[in-house]
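New page in the notebook. Today I'm looking up how the pieces of one protein chain are put together.

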Amino acid sequence: MRFILVLIVAIGLSGCFSEAEETETYIDPELSGYVTTFFEEAAKRGISIEDKNFRIGFGSVEGEAQGMTYYATRSIVIEKESEGYKLIPEALVYHELGHLFLHRTHDDSMIGQQYKCAKSLMDSRLQINGGQWYVNRRAYYVSELFNPHTSLPDWAF
Ligand SMILES: [Zn+2]
C-alpha cells in the first residue's frame, strides 16, 4: 500500500515539473497584434485568461488545414500561405485561439438568408465565401466566439 502511494505522488510531481518546463511563451511578432486584441476582447467581456504558457507562430500543418492547435504543447501553428491567413488573418488567429483558450470545438452551423453565412468563427471551413462574411460583421463574430449563445444578428434573418 505504501508503495502505491509513493508512486502516485511521484507521478503527480513529475506532471507538475514537466508542465513548468513548458512555460516559455512565444508569439510571432507578425501575429502579436491579433493575440493582443484577442485578450483585450476577452477582458472586455470579463473573461480572464492566463495569457502565458503558450506558443503561436508560422509553420506548415497537415492536409487542408490553415492552422492547427496542439493542446498537449499549447502551441498554435498558422499556415502563412493559406487562403484564410491571406484573406482574414484575424479570423484565422482568433479561431485557433478559440480552440486553445476558450476550448471551443468546430461549429459549422449556417445562418443568414438562405443560410449562406457561417454562424461562428469556429467554422471548420473558415475561408468560406472568400472571407466576405467577416467584413462589417466582426462585432457579432467576436461576441459569438466568446459566447456561443450570442443572439443572432439582424442580418441573420
Ligand atoms: Zn479549428
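Below are my entries, going from the whole chain down to single residues.

**Ground rules.** I'm working with a predicted model, where local features need pLDDT of at least 70, side-chain atom pairs count only at pLDDT 80 or more, and totals for chains, interfaces and linings use all residues. Residue numbers start from 1 along each chain as its sequence is written.

**Entry 1: the overall count.** I looked up the helices and strands and got five helices and six strands. Helices here are DSSP runs of H or I with at least four residues, strands are DSSP runs of E with at least two, and both are numbered from the N terminus. Along the sequence, I read the pattern α-β-α-β-β-β-α-α-β-β-α.

Next I checked burial: of the 157 residues, 24% are buried. The cut-offs use C-beta atoms placed from the backbone: 20 or more others within 10 Å of a residue's own means buried, 12 or fewer means exposed, and in between is partly exposed.

I also looked at contacts (C-beta atoms, placed from the backbone, within 7 Å). Among contacts with a separation of 6 or more, 50% join residues 24 or more positions apart.

**Entry 2: the sheet.** Which order do the strands take in the open sheet? I found four strands in the order β1-β2-β4-β3, with mixed pairing. Pairing means that DSSP finds at least two bridges between two strands. β1 (26-27) and β3 (67-70) are the edge strands, each pairing on one side only.

I then went through some pairs. β1 and β2 run parallel, joined by two bridges, and Ile-27 has Ile-56 of β2 as its bridge partner. To get from β1 to β2, the chain passes through helix α2 (residues 32-44), and this β-α-β crossover is left-handed. For a right-handed one, with the strands pointing away from me, the path from the first strand over the helix to the second would run clockwise.

β2 (residues 55-58) and β4 (residues 75-78) are also parallel, over four bridges. Phe-58 is partnered with Ile-78 in β4, and Arg-55 sits opposite Ser-75 in β4. Helix α4 (residues 89-102) packs on the sheet, touching β3 and β4, and its direction makes about 20° with that of β3. Such angles run from 0 to 180 degrees between N-to-C directions, with axes fitted to C-alpha atoms, for helices over the stretch in contact.

**Entry 3: two helices.** How far apart are the axes of α2 and α4? They are 10 Å apart, and the helices pack at an angle of about 60°. That makes α2 oblique to α4; under 35 degrees is roughly parallel, over 145 roughly antiparallel, 65 to 115 roughly perpendicular, and the rest oblique. On the α2 side, the residues making the contact are Tyr-34, Val-35 and Phe-38, while α4 brings Pro-89, Glu-90, Val-93, Tyr-94 and Leu-97.

**Entry 4: two residues of α2.** Gly-33 lies in α2. Is Gly-33 partly exposed or buried? Gly-33 is partly exposed because 13 other C-beta atoms lie within 10 Å. Its C-alpha is 9.0 Å from that of Glu-90, 57 residues apart along the chain.

Thr-36 counts as exposed, since 12 C-beta neighbours fall inside 10 Å.

Technical notes: Two residues are in contact if their C-beta atoms, placed from the backbone, lie within 7 Å.
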